[in-house]
Amino acid sequence: MWIPVQIDDKSAEPLYHQIETQLRSLIISGNLAEGTLLPSIREFAGDLKCSVITVRRVYQDLEGEGLLRTRQGTGTFVSHVGDGARAEYRRETVRKALEAAVDAGRSVQFGEEELNELFQEIVKRKYGEADNKGE
């Protein structure tokens with residue numbers, strides 16, 4: 001099975017983190033449904049052109065979070081993700097991104113009012129684009 005994960009070799013973010021973040025998002029969003037059989041560690045590592053150890057770490061971390069389950073001799077599967085966990089993940093993802101944006105603004109002495117105005121401008125533009133695509 002092909003999993004739509006892309007890694008950026010030029011990124012400062014570690015490979016395992018790039019893979020883990022994208023795979024977690026696919027599971028939480030429902031793009032990878034409960035019960036979906038994931039590629040073997042070796043196969044996924046080959047597809048991504050990275051180390052087997054990297055993919056093993058990703059699978060182990062996500063299994064520790066309860067997002068994956070491994071059955072000996074059968075493979076690794078997507079676990080059930082409840083609505084509460086899904087909502088919490090979505091909220092946490094946006095919260096982290098907003099905190100990073102505020103930190104970036106503060107680092108260049110962007111005021112609170114300026115930041116709020118810019119945020120509202122971006123929201124209107126982005127949601128306006130989404131609305132126009134649906135028409």
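In the hairpin formed by strand 1 and strand 2, where three residues lie between the strands, Gly73 adopts a positive phi near 80°; helices (H or I, at least four residues) and strands (E, at least two) are DSSP runs numbered from the N terminus. The model is a predicted one, in which local features need pLDDT of at least 70 and side-chain atom pairs count only at pLDDT 80 or more, whereas totals for chains, interfaces and linings use all residues. Residues are numbered from 1 along each chain as its sequence is written, and side-chain values use heavy atoms, with hydrogens and water left out.

Strand 1 (residues 68–71) and strand 2 (residues 75–78) run antiparallel and are joined by four bridges, strands being taken as paired if DSSP finds at least two bridges between them. Arg69 has Phe77 of strand 2 as its bridge partner. Arg71, in turn, lies over the face of Phe77, at 4.4 Å from the ring centre, and Arg57 lies over the face of Tyr16, at 3.5 Å from the ring centre; a charge is placed over a ring if NZ of Lys or CZ of Arg is within 6 Å of the ring centre and within 35 degrees of the ring normal.

When neighbours within four places in sequence are left aside, Leu38 is in contact (heavy atoms within 4.5 Å) with Ile3, Leu23, Leu32, Tyr59, Leu68, Thr76 and Val78.

In helix 2, the buried residues (under 20% relative accessible area, against over 50% for exposed and in between for partly exposed, with a 1.4 Å probe and protein chains only) are Phe44, Ala45 and Leu48. Viewed down the axis of helix 2, these buried residues fall within an arc of 100°, and they therefore line one face of the helix, the arc being that of the directions from the helix axis to the C-beta atoms. The buried residues of helix 2 pack against helix 1 and helix 3.

Positive phi values also occur in residues other than glycine. Lys49, in the loop between helix 2 and helix 3, has a phi near 55° and is exposed, with a relative accessible area of 74%. Gln109, in the loop between helix 4 (83–107) and helix 5 (112–134), likewise has a phi near 55°, and at 66% relative accessibility Gln109 counts as exposed.
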